[in-house]
Amino acid sequence: MRNHLVALALYCVTTTSMAQATTYEPSIGVSFPFEIGGLTFQGRTAFPQKALGVAIEYTGSDRMRGALYIYNGGLASVPADIDAPVVRKHFEQVIADLKAWDRTGKVRMTQAVGKTERTTTFAGCGPQFIVREFEIDLPEGTLASASYLTTMKNNFVKLRVSYMKSEVQGPQVAQKFVQQVRQLLGGCQ
C-alpha cells in the first residue's frame with residue numbers, strides 16, 4: 001500500500017508540474033513560466049560550449065516565436081551597462097550573424113526596419129534593450145523579426161521575436177512577450 005501511495009504522490013507532483021511547467025535558469029536566477037505573452041514554452045537547450053549558454057523557446061500560432069538566449073560569449077566579464085562599448089560591439093555581431101543568413105541564400109532579408117538599432121524606453125520595472133527589427137522574405141510570406149539584447153548577472157540576454165507580418169495580432173503579441181520577459185528579468189512580479 002505504501003508503494004502505491006508513493007507512486008500516487010509522484011504522479012500528482014509530476015502532473016501538477018507538467019501543467020505549471022517552468023524552467024529555471026541558474027545563470028541569471030530566473031524561473032520562466034509555461035506561458036509568456038500568449039506563447040507556450042517549447043523547451044530549454046543547453047549548448048555544449050559553455051560560452052553559448054542556453055536557449056529557452058516559446059511558440060504560438062502562425063509562426064509566432066519568442067526565444068531567449070542566455071550566454072556570456074566567452075567573456076570573463078559582461079558589463080551591466082547596455083551602452084558599454086563591449087555590449088554595443090556584441091550587438092553589432094548579433095546583427096552581422098543575422099545578415100550572414102541572407103548571404104547564404106537560406107533567407108532573404110528584404111529590409112531592416114529603421115535605419116539602425118535603437119535602445120528601448122520602456123516605462124516601469126525591468127531592463128532596457130538594444131533592439132533592431134527586420135523583415136525576412138519566406139516562400140509563405142514576410143516574417144517580421146526583432147532582436148533584443150540586454151545584460152544581466154554577467155551574461156548577455158538576447159531575445160528574438162518573430163511573426164508572420166500578415167498576422168494582425170503579431171505586433172501586440174510580440175510586444176506583450178517582450179514586456180513580460182522584461183518583467184521576469186527585472187523581478188517585477
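Ser162 lies in strand 10, which covers residues 155–164; strands here are DSSP runs of E with at least two residues, helices are runs of H or I with at least four, and both are numbered from the N terminus. The structure is a predicted model, in which local features need pLDDT of at least 70 and side-chain atom pairs count only at pLDDT 80 or more, while totals for chains, interfaces and linings use all residues. Residues are numbered from 1 along each chain as its sequence is written, and side-chain values use heavy atoms, with hydrogens and water left out.

With a relative accessibility of 10%, Ser162 counts as buried (buried means under 20% relative accessible area, exposed over 50%, and partly exposed in between, with a 1.4 Å probe and protein chains only). Beyond its neighbours within four places in sequence, Ser162 is in contact with Arg63, Met64 and Arg65, and also with Leu143, Ala144 and Ser145, where contact means heavy atoms within 4.5 Å. Arg63 is 99 residues away from Ser162 along the chain, yet 7.5 Å separates their C-alpha atoms.

The wider fold can now be sketched. The chain contains three helices and 10 strands, and from the N terminus its elements follow the order α-β-β-β-β-β-β-α-β-β-β-β-α. Of its 189 residues, 40% count as buried. Among contacts between residues at least 6 apart in sequence, 49% join residues at least 24 apart. The accessible surface of the chain is about 10600 Å², and carbon and sulfur atoms hold 55% of this area, as computed by the Shrake-Rupley method with a 1.4 Å probe; for residues, only the protein chains shown count as cover.

Seven salt bridges are present in the structure, each defined as a side-chain nitrogen of Lys or Arg within 4 Å of a carboxyl oxygen of Asp or Glu. One of them pairs Arg44 with Glu25, with 2.8 Å between the closest N and O atoms. This pair ties together distant parts of the chain, as Arg44 belongs to strand 4 (residues 39–46) and Glu25 to strand 1 (residues 23–25), 19 residues apart. Arg44 is partly exposed at 34% relative accessibility, whereas Glu25 is buried at 3%.

Arg65, one of the contacts of Ser162, forms a salt bridge with Glu57, the closest N and O atoms being 2.6 Å apart. Glu57 is partly exposed, with a relative accessible area of 25%, and Arg65 is also partly exposed, at 26%. Another salt bridge joins Arg88 and Glu117, whose closest N and O atoms are 3.9 Å apart. Here too distant parts of the chain are linked, with Arg88 in helix 2 (residues 85–104) and Glu117 in strand 7 (residues 108–119), 29 residues apart. Together with Asp83, Arg88 and Glu117 make up a network of salt bridges.

Finally, helix 3 (residues 170–185) has 16 residues, which at 1.5 Å a residue should span 22 Å, in agreement with the 22 Å between its end C-alpha atoms; the expected span is 1.5 Å times one less than the number of residues. Its buried residues include Ala174, Phe177, Val178, Val181 and Leu185. Viewed down the axis, the buried residues of helix 3 fall within an arc of 160°, so they line one face of the helix; the arc is taken from the directions from the helix axis to the C-beta atoms. Just after helix 3, Gly187 adopts a positive phi of about 65°.
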